[in-house]
Structure formats: structure tokens, C-alpha cells
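My plan is to take one contact surface at a time.

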Amino acid sequence: MLNYTLRRLAFAVPTLLVISFIIFALLDLAPNDPTGNLPLTIPPEVREEIRRSLGLGEAFPIRYLKWLQQFMVNEPLNLIERILGIEIGNSAERLRVRSWVTRSPVVDLVVERLPQTLLVVGMGYVAGILIALPIGVVSAYRQYSWFDQIGTFVSMVGFSVPTFFTGVLLIVIFSVHLGWFPSIYDTMHQVTHLPSFWVQVRQMVLPVAVLGLYNAAQLSRFVRASMLDNLGQDYVRTARAKGMRERVVLFIHVLRNSLVPVVTVIALGIPTVFSGAIITEQIFRVNGLGQLLITAIQGADIPLVQTLTFIFAVLIVFFNLIADLLYGMLDPRIRYE
Amino acid sequence: MSEATEAYPAAAADPAKAERGQRSLWGDVWRQFRRHRGGMAGAILFLAIVLAVFVGPSLHDVDSQALNVREKNQGVSLLHPMGTDNLGRDMLARILAGGRISLAVGVTAMLLSLFVGSVVGVLAGFVRWLEGPLLRLTDLFLALPLLPLLLVTIMLFRDTLRAMLGPETGIFLLIVFVIGITSWMQTARVVRGAVLSVKEQDFVLAARAIGTRERRIVTRHILPNVLSPIMVSATLGIATAIITESALSFLGLGFPSDFPTWGRLLYDGVNYVQINPSRVIWPGLAISLTVLSINYVGDALRDALDPRLRGR
Amino acid sequence: MKRLIAILAQAATIAVVSAGAAHADRGSDGHLNILYWQAVSILNPFLSGGNKDVHGASLVIEPLASYDEAGNIVPALAAEIPTPANGGVAKDLKSITWKIKPDLKWSDGTPFTAHDVVFTAQYCMHPDGGCQQAAKFTDVEKVEAVDDLTVKVTFSVTKPFPYGPFVGSESPIIQKAQFQGCLGPKAPECTEQNFHPIGTGPFAVTEFRANDVVSLKANPQYRDPAKPAFATVTLKGGGDAASAARAVLETGEFDYAWSLLVEPEILEQMVAAGRGTLATAFGPSVEYIEVNLSDPSPAKGALRSTREGGPHPFLTDPAVRRALSMAIDRQAIVEVGYGPAGKPTCNLLSAPEIYASTANDWCLKQDIDGANRLLDEAGWVRGSDGVRAKDGVRLSLLYQTATNSVRQGTQALVKDMWSQIGMETELRNVDAAVFFGGDPGSPDTAHKFYADVQMYTNNFPGTDPERYLSYWHCDEIPTPANNWLGNNMQRFCSDEYDALVAEMAQTADLAARAETAKRMNDVLVGQGIIIPLVHRGSMSAHSLTLEGVRMNAWDSELWNAADWTRRK
């Protein structure tokens, strides 16, 4: 197992390098342009100057290597300096990965955005899991009962109706007509005492609800399917025949085994918590990593898109590994050599 | 002796099961499927939707693109059973026309993504030396930013396809390809996981012990047993495909903007939710019912293909 | 629609009445919430020319003079506007001398001097800085401080309109002491300065989060001790236009929302909630369709959409272009897509008033029969499929535009109108960052124009259209040789027009300039090179409790935020 983990980790490095190169090539090839969103009053010759000052005049491999050096060497050094409070070499001269639109270091932007994304999107994910598990278990155990039928219908609607619609619908109902919750998330809000904590809870309710329902709809289908598979297995019959109580059969035997694939699905979904929920963040103006990514893509802010997608790629590779290891640990039949 | 029994040689000794051997596997599946009430209801509903969008336009003979600004944002009437949109176009005609495109895109893209995902997943789980490369490939596709990928695809292929196949077929192929190729990763991961656990089970070992060829083990033993995660992916996949199509057409990658599709109708209708709720209810319902019907068909299919349940 | 106009009129009266009310103290009106659905990325307009960034920065840093809501130049940091009459503009029209108001202070308490102005020019004119407002400094030879309160700008050519540098919120003054180390290639690295510029404006930045939110407080050094009335401001960004309108008009969470290009019935229904109102202002923006005079057929290969590739198979026929314009019902387009934020127009130059021609007003009335007759006479005969053709050439158009729900609505309407005169139209919409971007590798840019007609909104900075009108000079045609840089998308080339461009550059008298501009407008529109559709206004929403908003299409919408007050 340890051997397997180490081998996977060793493979991850070249994989990530290849991924970073492909992403960079893709972004370079993409037809959108950093001056595309500027007003038309800015004439073409000035636009050409702007492109030149962004370094677009240089050859593709040089730009890629520069990014690689800035992101793989300079940024980690800066991070170490900041954490330890020491200076390594000439840190003022060290070039950082800078966004073309905000002109600020990309890593600072990411750090600024992390709290709201983790809080809102993360809570949405957790809420989704908490809703999905009981629904999935009961639906499978009482297959084709009323509960199952209604659960199926609701989760299908929940999955078919995209967040761009549910978000607006919730705003119209709960912000416009009832006035219970704000429709705009305040990223500057600080929780210092109980009333401000309630303000924070209130502003999180709608986005978390949208994301939670969407995630739950999806996940509960996996839980239900996995439970059904296990309920039909011989060991369940054996357990029942042995006279075990139904609760023990269900929760100890079936649920534990059913959770194996579910846990992988959950682990695989964690990187999407970081990449954010682009649409939901936009609708409620949570302005986290998802919103950062989408505005960067629209504005053809290549350094920012490149860095963000690369960070997501690292997370994806990492959590895929975690999922595989979990699989091996939870299911004794699977052996990794 | 039919294929169904060959896989279970022990069963041949049982006279009751030998008698079943006279029937074909798919006959069994169909019989089991018919007994599944939800599955039948789903199949009928799906066929009804398909029938409606293909035959409907000849009954409700209104051009989905004809506009009349004087009759914009109208509610339900005899002339416009689902009202009109903000350019005065008939919503029923648009839902019917949109359904043809959305269903075609949704089903084809889902099948493509399912096919790619299952093949990758089974190979990664079953063939040891392919596991590493295929998993890295999955990681790569998961990491690729979708939007720039779409912009590049459209830039490289749209004009070529438009010239070769005309604007509609060309774009259709492009959309199906793009959606299929960017949504198979989840299926692949889940299928691989299921394959890993199935392939160590006793009946696979047994099959291998009696010298069954690898390909047969996959098609006869592994695939039917990993069908349930595939079916879940299929249901979710068709919804994703329909919604993704709307995002594509909004980006200018999809069909021309005056071509209605369900996802696009829903997207355009969102801001009218207070003025004219029917603009979101009907497309939303159409997508949901399609997904629901496919889900039930998938459930029934899985039950019908499950050898443990089929015997009952 | 009528109700909306009535509400607007009512709001206008309220604004007029309240303008007289005087407020006593700085910061007495508490907090102001402004919502921009595109978030502010940076507070330095020289490094980002986007409207959102220019507007955000206009709360903090100011130019010498601004444009008011009527398009007049009014003093901001300058004591008065230099003119040839008061001697501020030299007789040879080659220099302009600005006098600065005395005793101005930056928000950090240091004095504001002419040296800051000179430094600002150096900053933007540095060849390696990538200054996005460089066009404002075109033909500037030198900028010098005559004394601490006098700045002289010298041009290398005669400038009949010398109000480019330091006028309008795109060209504000930045503090020399703060930006000294940020010249040229260093400019992008000065994150702290770009995010927290020290200014002379009514507000000062307290916290800046790029692409998210800006927090500001009243500037303690602001030149009018009674202003601004608001103590703190939040400028939040993100989302989309419709939900921004909702946050002001329906939920009342915000006081002001910018640029609401949303279908009119949606806004009308939101205004009915009674919390806010809409404000519009008309500037130079015109939504128009332009025709491609060169052949965009893919068969032309590298010569596609170039003059060398040959003329367009049918758009070079004046009758076809005329018919395209006659068939359009501009009133319907305005009603469906723009409401009070648009007016039907037949001119490229629809504002300022003195440049607006009346020669093309025939187009205001849709004339399907006339268009059909014109095409019949020109020999375009309807085929069995209803599409006209002549000599094997079918009137089949590819019509492209940027992605935006209102534009797609307009496209559908126009397609329908053109189908009535036997034209077949295929619609295409392209992501705005691609369409307006200059990537030479992309086939979908407005400059490459690989389509028959395309539609977008164009405008010009300030109130002088000289540079704008020179876009249609033969030399401005985008070609592969000049990397598709150029503004003459139509590939229009006429000696008559080029002569008018030269004449304009030599004319100093305003009335004579207006006359020339009208003639140029009439050439472009009369020949159907440009098919104007809608004179577009900017539209914003503000809460009924917010007073003093004077909607401005010539400068930043927040240009007079110092005068905004809360109704008690």
C-alpha cells in the first residue's frame, strides 16, 4: 500500500507537468483576447501596445517556461519567506505570477478568495451529503415505496433544473417577496459577536441551499444505487438468516459496504468545492474562486486562468489518489501492489 | 444451449434452469423489464415525449421562429396554449421544436460519454498495464478548463464542419462531440471502482478458473455487475448534456440563437419568472420529465439485467 | 412602457426639486451602497480602461476637467476651462495652458501641484508602460509646469480640439510622490499603489479586493468642506445586470446599480415594486449594422474579407444596402430590447446635438413595400424558396454579433424583417471577448469580419468625433498585412470621404466642423455602409432615497458622487 502510494505520487509530478503544458497551450490557442473587453474607444494601436506590455509578443515556449519558473520556484520561495519571516536571496527582484487584469500577484488573489469559497461552497457540499445519505438509504431500503417515488422525482427535478434557475427562483421568493434573506453576499462581513454571526448565517442560507439541493440530488442517486446493489447480495441473506436484527444488517453490513463507491464519489467531488460553483457564486455574488476563474476566462487573463486551473489540477490528482486509497482501505477485496 | 447458461455451467445440471435455457437472454431481460412498473411507465413517458416532439409540430402548426411583437409575453390562450415569449413567438411551438434538438443532443451525447467512460473505466480496472495511463488521461480531462477548450474547439472545427455538413448537422456533431468528450470522466472513475471490486469476487475467479477468455469475462460477468453505476451516470448525463447545450449556445458555440432548445428556453426565461412563469415551467418540466423517464428505464433495465433478480 | 416613462418623468422632477436642498456636514448621511455587475479590478484607469474601473477610480482620483451630463466641459481640479477666448488655448491651436485651483490637497494632506500633472503625463506616455489611455495623449509633444499651479501642454500638430489629456475620468491625475517608482515596466508591479491610489476626489480607499469590492470613506481633505454627504461607500461587483437591478429596485439592498441592459418589461415590473427608479442619459453610443464590402467567402482563402479578394457578391449593390435599411422597423427593436434606454436613429453621429444630421430620417419609418420595389427594379427576383437571386447569386446573409440577450432579440427581429423582402439570414453570436478581441488567430473577430453583416455598439471618447469619423478612411482598412488592426471594418474606400477626413483635420471653427461631420455621416449612412439602428443611452437604477444623481453618458456615471445625498 505504501509502495503503491509512493509510486502514484512519483507519477503525479510528470503528469502535472504535462497537464500544465497542455493547459497553457490550450489557453494560448484560445481566441479570446485580453483587450477584448475594453471599450471600443481605445484604438487598435493602443491595444497592440497593451498586448506587448503584457508580454504577448514573446514566443510561446519562453512564456511557458517563465510561468513555470515563477509559479514553481518563485511563489513557493515567497510563501516560505512569508511564513518564516526570513529573506532568501533578492526577493524584491523575484518576478511573481501576475494577473493581467488586476496586475496583482495571482497567489494573493487566491488566498483572498479561499475563505468565502470554502465556507459557502464547502457548506453546500456538506449539506448535500447530509441530505443525500438518509434519502438514498431509505429510498433503497423501501424501493418503490411512496418515499422512494417522491424522493426520485424530487431529486430528478433537482438535478434537471440547473442552478441558474433555482438561484434566481430562491431570490425572487425569499429576498424579494418574503425579505428573509439577502440576495447579495457580503465578503467583507466579519463575525465578531452573536448578531454578526446571524448575519453571516442569513447571507449563507440561499447559496448553500441551492448548492446543497443540487449536490444532494446527484449524490442520493449514487447512494441509492449502491445500497440496492448490496441489498441483493448473498451476504445480506446470510446475515438475515443468521437471525441478525434488521437494523444491524442494514447499518453495519449493507451501509458500510454501500458507502465504498459513495465515498469515492464524494472524494472525487472535493476539488469542485475549490474550483467553486461558478454559477451560484455569480448569482449571489459570493465572489470566490469560481467567480475569479470565470471573470479571468472571460477577460482572457491567461496567467490567472493558468495558475487557477493548475491548482485545481493538483487538487484533482491528489483527491483521485485519496479516493483510490480509501477504496483500498474500505474494501478489503481490492489489492494494490 | 444458450449463452445465458453457458456462463453458469453449474446451472445446466439443474433441470428447472435448463428449461429456461430455451429462451434467449434478451427475451428474459424483456420479460423482466415488462414486469417493472416504473420502467414501463418511464418507457411509455419517454416514447410519448419523443412522439410529441416529432409528431406534435404537425398538429400544432405554428412556426417556432415566427415572431409578432404585438403579441409578446402573452399568457395561455387557445391560439398559444403555452403563451408567447418576449418577441411574441409561440412557446408551445418552441418547446416542441426545442425538444427535437435537446433530445437528440442529450441522448447522443450521453451515449457517447457513457461509451467512452465505460470503456476507459473497464479497461483501467481490468487491464493492469493500462491503469496508469488511463487514469492520468482522466486526470487531464478533469483538469482541463472547459470554456477555453470550447472556444478552441469552435475556432478549429466550426467552419470546416459547416462547410462539409451544413450549419445544422455540423454544429450538431460538434456539440455532441464536445459534450461527450468532456463528461465521461465521472463515469470512468465510478466504473473503474466498481470493476475493481467485482473482479476479485468468487464468480469471476470461477469463470477464470474454467478458462473463460478475458473478453468474455468482461462482457458476461463484469459489465452486467457494474451496470447500476453506469445507469446512474446515464440519467445524470442526459440532464447534464441538455443543460450544457444551453450554456454552449449562450457562448455562441451552439446552434444559432434563434434555434430553440430546452436548455436555452429555460435560460432565456429565467428573468421572466415573475412576468410570465410559463416561460420557465414548461421547459423545466420537459427536461425533468425526460430525465425522470430515462431514470426509470435505467432502473428497470438494471433490474432486468441483474442475474440475481432475473431468476426470481 | 407608458408607465415607465411616467415614472422616469416623475423621478426627473424629484431630482430637480431636491437639487436645491443644501446639506450641512461632510459624512452626515451615513453609508452608500453601489453595485456594479462587473466588479472593479484595479483603481488605476491607465492600467485598465474598462468602464467599471474608470468609474470606480473616479470616486478617488480626478481629472482637471470633467464632462457634465450635457456634454459640456466643466472644471474639476482646474480653476477654469482654457479656451481661445480666454487665452488658455494658443492662437496656433498647438498648446493649451491649464490653471489649477489654489490650495488643493491630496487625501494624505500633501499639496496638489502642477508637477503631479506633469508626472501623470510622463507615466502614461512612457513607451513600455502599456498605458491604456495612451490615445488621450496622442500628438502631445511635451507637458511642462510653468509654475506650481500652471500646466502647459504642447502638441506636435494643430489641435482644434485640445481637450484630450487630463479631461474626463479616463485621464485623471495621479500623485507623483506615490507613483514615482512605478514608471514604464514597473507600472504593473505597483500593486499597492494601483489598489489604493491617493487622490483628490470625494472618497479615499480603505480596503480594496480586486474583482470583488471596494470600501471607501469620505476624503477628509476634499476641497468642499461640506461634501461628500456620505461617510462611507461600498462598491460591490459581480453577477449580472438583471439581478443588479433587482437588488436596487426590488429588495432595496443597494442604492445604485450601473449599466442595466435588460429587457424593458423586466425593468418595468421591478420598478413597480416602488423602491427605486431608473435614470438614463444619452451619449455618443449607437448600435449599428455594418456591411462587408469585400467577399467573406471561405473559398477566398487568405484573401477572405480583403479588398484584394474581390468585392462582395451582392452587398456592393447600393440598392441591396438601401433595402436592408428600409426593411428595418427601428421602433420595434427599441420597444422590445431597449425601452427608455434607446431611441430609433438614422445617424452614426446621434449626439452631441450639433453633429446630428436630419438627411437620413426616411429610415425612421419601416418601408417593406418600398424595399421590395427597389430590389425588383434592381433585378433581384424571388426564387421558389422566397429568397431573391440574380445571376445565380442568392441574397443569403450571415449576420454576426456579440453574445448578449438583447442583441440576440434584435437579431431575431431583423432576420424576420429581412425575410419579408426576400433575404435569407443565418444568425451567429460570438463571445464578446473573442468578437472585440484582436487575436489574429481567431476567425470570429469583428476586425476579420468573416461574415456579411455584423452588429455592435460603437462610440467615441469625449464630445469630438474627428478621430471617430477618420475610422472610415481607406488607410484604416484591416488587412492581414497590418495584422487586422484598423477600424474600417466595412473595407469602405472613397476619395470623396478621404477628402472630408483631411478637411476636418484643418477646420477649427465648431460650426464648420459640425457641418463637415454631418456630411461625413451622410456619406456613410446614405450609401448604406452603416445601417444605424438604436441610439443607446446608459441606464442605471437608483434607490428613491438617493438624491443628486445626475446621469452622465459623457463621463463617469459617478462623476458627481460628492453631491449625492440621502433623503431624510
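I need one term first: a polar contact is a pair of N or O atoms within 3.5 Å, and within protein one must be able to donate a hydrogen and the other to accept it. Residues adjacent in sequence count only if both atoms are side-chain atoms. I also note that this is a predicted model.

**Entry 1: chain A against chain C**

I looked up the polar contacts first. The interface of chain A and chain C has 18 residue pairs in polar contact, both residues at pLDDT 80 or more. I then asked which elements of chain A give two or more residues to the side that touches chain C. They are α2 (44-53), α4 (106-141), α6 (163-177) and α11 (289-298) of chain A. Of these, α2(A) gives the most, with 10 residues. I sorted that side of chain A by class and found 23 nonpolar, 17 polar and 13 charged residues.

Next I checked salt bridges. The rule finds 2 across the interface of chain A and chain C. One of them joins A:R52 and C:D128. Their closest N and O atoms are 4.0 Å apart.

Then I took the extent of the contact. Chain A puts in 53 residues and chain C puts in 63 residues. I wrote down the area too, because the size of an interface is often given as the accessible area lost when the parts come together. Chain A and chain C bury about 4,400 Å² between them. Carbon and sulfur atoms give 53% of that area.

**Entry 2: chain B against chain C**

I repeated the look-up for chain B. Here 27 residues of chain B are in contact with 31 residues of chain C. The buried area is about 2,500 Å², with 49% of it on carbon and sulfur atoms.

How many salt bridges are there between chain B and chain C? I found 2. In one of them the side chains of B:K72 and C:E265 meet, at 3.9 Å from N to O. For polar contacts, I noted 4 residue pairs between chain B and chain C, both residues at pLDDT 80 or more.

On the side of chain B that touches chain C, the elements giving two or more residues are α7 (146-181) and α11 (227-251) of chain B. The largest share, 6 residues, comes from α7(B). By class, I listed 11 nonpolar, 8 polar and 8 charged residues on that side of chain B.

**Entry 3: inside chain A**

Last, I looked within one chain.

I counted 0 salt bridges between domain 1 and domain 2 of chain A. There are 3 residue pairs in polar contact between these domains of chain A, both residues at pLDDT 80 or more.

Methods. Residues numbered from 1 in each chain as written. Chains lettered and ligands numbered in written order. Predicted model: local features only at pLDDT ≥ 70, side-chain atom pairs only at ≥ 80, totals over all residues. Heavy atoms only, no water. Contact = heavy atoms within 4.5 Å. Buried area = accessible area lost by both parts, 1.4 Å probe. Helix = DSSP H or I, 4+ residues; strand = E, 2+ residues; numbered from the N terminus. Nonpolar A, V, L, I, M, F, W, Y, C, P; charged D, E, K, R; others polar.
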